[in-house]
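The following report concerns a predicted model of a protein assembly.

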Amino acid sequence: MKPFRTLESPIACLPRAHIDTDQIIPARFLTTTTREGLGQHAFHDWRFDEHGAPRADFVLNRPEHRAARILVAGRNFGCGSSREHAPWALLDAGFRAVISSGIADIFRNNALKNGLLPIVLPEAVVDTLLAQPGLRLQIDVAKRRVYWPDGGFIEFPLDAFAQACLLEGVDELGHLLAQSSAIDAYETRQAGSTAHGEPRHVA
Amino acid sequence: MNAPRTLFDKLWEAHCVREESERAPAILYIDLHLLHEVTSPQAFAELAARGLKVRRPERHVATLDHSTPTSPADAQGNRAWTSPQAEAQVEALRANCEAQGIELFDWGSGRRGIVHVVGPELGLTQPGMTIVCGDSHTATHGAFGALAFGIGSSEVGHVMATQCLLQRRPKTLAITVDGRLPPGCSAKDLILHIIGRIGVAGGTGHVIEYRGTAIEALSMEERMTVCNMSIEAGARAGLIGVDEVTIEWLRGRERVPQGAAFETAATAWRQWRSDDGARFDAEVRIDARELRPTLTWGTHPGQVVAVDATLPKAAPETVGALSYMGFEGGAPLAGQPVDVVFVGSCTNGRLSDLREMAAVLRGRRVHPRVRMLVVPGSDAVKREAEAEGIDRLVREAGAEWREPGCSMCIAMNGDTVKPGQLAVSTSNRNFEGRQGKGARTVLASPASAAAAAIAGGIADPRAYADPANAAASASATTITPATANPLSTAEASA
Ligand code: SF4
């Protein structure tokens with residue numbers, strides 16, 4: 001993962017609540033064994049009509065949004081299926097951050113693991129952003145701030161560990177692998193305990 | 001004396017390899033990891049790229065379910081794969097499991113099925129465990145007093161390589177349901193009602209524990225239905241404390257300890273309950289007596305309505321969903337014409353669900369306008385249902401009896417609802433296009449689904465409880481012509 005320190009970009013807006021991961025990437029595109037190339041299917045059923053032609057009026061099809069790296073959406077973004085294909089598709093489509101007044105737990109976790117920054121801001125603030133597509137925002141991960149073009153800013157919550165991973169571009173698996181002696185010790189402590197089970201294989 | 005603890009507190013503390021701090025999340029040990037073909041290939045690739053092996057292969061079990069065809073193989077053993085990629089994905093899982101020493105429930109194993117159906121029925125799912133799967137409905141296993149939650153593909157890799165996950169401790173939400181479920185109402189009606197009450201983000205950041213006399217009175221299958229849809233309320237996990245119903249259901253299952261060892265295990269399992277007086281971060285109380293058969297009307301699982309009520313009026317929050325569904329605000333839900341009925345999925349694809357459906361279907365025929373698909377949740381469910389003659393009953397009613405799998409719940413195996421069609425489904429998600437592009441989905445209990453199949457439109461299952469009512473109920477439902485404009489995505493393209 002590349003370090004993620006700052007980002008400056010115009011915003012693309014999807015003024016809609018409860019955008020679920022089936023909308024972000026419909027299930028029929030999940031029969032893949034790689035992470036790459038999912039961007040072409042992002043929001044597929046909103047972007048293309050029944051004949052497969054792009055809908056000119058869909059926000060992400062408008063030429064002025066091609067450069068957008070920040071997606072702003074209504075509350076409860078990313079609910080539903082746990083498919084990590086959702087953040088993979090958004091990243092592949094060029095996004096590096098999502099701003100909403102509420103982001104579903106699994107999507108947030110999946111996003112952070114791939115360097116897609118989930119930013120939760122108060123609903124009133126998100127509503128004003130949703131009314132200004134194309135607005136240029138700056139994001140500073142170290143300061144946990146979103147800056148407006150006039151220099152005004154708002155702070156956003158970000159878990160300290162997730163922040164460190166983003167800033168240094170390290171991933172969680174490396175961190176977990178480094179804990180192997182603690183994991184060994186735990187397994188030794190648990191061996192023979194019946195309190196929580198061993199899946200038994202008598203196949 | 002120690003302060004009383006919730007079931008969640010006990011599960012969490014028993015599995016902490018390392019407690020969380022401000023700087024780092026907790027390291028949580030995972031007892032059981034379930035895999036399927038769709039969310040695992042990228043994780044296996046990550047392990048291969050780093051030269052890692054699966055740390056404890058015996059704690060991982062795989063099945064084929066999401067993209068598998070539900071029509072039987074032909075004489076040459078060929079299956080109706082929806083695409084070469086779907087078949088390749090299954091081949092990849094087979095090869096990966098082989099290389100890493102992971103047990104796979106393949107075709108012909110007699111144990112294959114939807115991941116959240118086979119785990120419990122084989123007794124792999126046991127009280128006190130931590131269980132994860134690259135699938136958000138892993139919450140199902142919480143019905144056994146296990147902490148079970150869905151993860152993404154990166155985390156699938158973490159569990160394979162380290163048997164651990166990095167997790168921040170969630171908050172706890174108690175949902176207490178007292179009273180008895182009224183006749184005609186099942187666990188599905190209850191969980192739809194709960195999601196309607198607390199909203200689709202009502203459980204975000206929380207683990208839900210379902211408790212109260214109505215929950216205690218549920219069978220294990222019904223408890224699984226309730227826990228299954230916790231994710232639809234935004235919660236990653238749902239829990240129900242262990243009682244004698246849990247223990248008796250597990251007794252004799254293939255993968256639990258047998259004989260005297262079972263009694264030892266059962267004694268240990270009984271500790272997996274919240275202590276009296278344990279405090280939750282939030283609480284909701286529900287009176288089961290207020291329940292009526294409940295269905296969804298919109299495009300997320302929190303948009304619910306009782307079967308005998310009217311649809312909400314058009315308003316800024318409802319207009320997009322009403323327009324996608326082709327429903328007129330304020331109109332009655334009952335009588336809306338139905339094209340497809342799907343009975344199956346990890347929510348309602350177990351034997352008790354098929355029995356609930358069969359009780360309504362018995363002696364009746366599926367309405368000529370309706371295509372009805374019945375998909376057992378697993379090989380075992382299929383065997384048991386066939387032993388009871390449910391397959392014959394289904395076929396004689398004019399419905400299709402299929403091979404186990406996720407099928408129309410996620411519509412990635414070729415079983416799809418066509419654009420504009422209205423489906424009544426016993427699955428768990430009614431998102432736009434979930435059952436096929438442009439498909440419109442109403443979520444319902446198996447009884448309500450069967451009633452809709454007979455009536456050809458949304459119908460009150462209570463009218464079908466007794467076969468003697470058949471004639472009366474059929475004429476009581478008036479089906480209005482469809483007015484759907486399913487491809488309207490005005491709100492999305494705004
Ligand atoms: S039945 Fe549906 S919800 Fe359940 S595991 Fe399969 S696709 Fe997921």
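D105(A) has a relative accessibility of 8% and therefore counts as buried (buried means under 20% relative accessible area, exposed over 50% and partly exposed in between, with a 1.4 Å probe and protein chains only). This residue lies in helix α4 of chain A; helices (H or I, at least four residues) and strands (E, at least two) are DSSP runs numbered from the N terminus. Leaving aside residues up to four places away in sequence, D105(A) touches T204(B), G205(B), G234(B) and R236(B), a contact being heavy atoms within 4.5 Å.

The model is predicted: local features need pLDDT of at least 70, side-chain atom pairs count only at pLDDT 80 or more, and totals for chains, interfaces and linings use all residues. Residues are numbered from 1 along each chain as its sequence is written, chains are lettered from A and ligands numbered from 1 in the order in which they are written, and side-chain values use heavy atoms, with hydrogens and water left out.

| Property | Value |
|---|---|
| Residues in the contact | 69 residues from chain A, 83 residues from chain B |
| Buried area | about 6,400 Å², 55% of it on carbon and sulfur atoms |
| Salt bridges | 10 salt bridges |
| Polar contacts | 25 residue pairs, both at pLDDT 80 or more |

Buried area is the accessible area (1.4 Å probe) that two parts lose on being put together, summed over both. A salt bridge is a side-chain nitrogen of Lys or Arg within 4 Å of a carboxyl oxygen of Asp or Glu. A polar contact is a pair of N or O atoms within 3.5 Å; within protein, one must be able to donate a hydrogen and the other to accept it, and residues adjacent in sequence count only if both atoms are side-chain atoms.

R56(B) and E187(A) form a salt bridge, with 3.0 Å between the closest N and O atoms. On the side of chain A that touches chain B, α8(A) supplies the largest share, eight residues.

Within α8(A), the buried residues are A182(A), I183(A), Y186(A) and E187(A). Viewed down the helix axis, they fall within an arc of 140°, so they line one face of α8(A); the arc is that of the directions from the helix axis to the C-beta atoms. S181(A), T188(A) and R189(A) are exposed on the face turned away from the buried side of α8(A). The buried residues of α8(A) pack against α7 of chain A and against elements of chain B, including α1 (7-15) and α5 (153-162).
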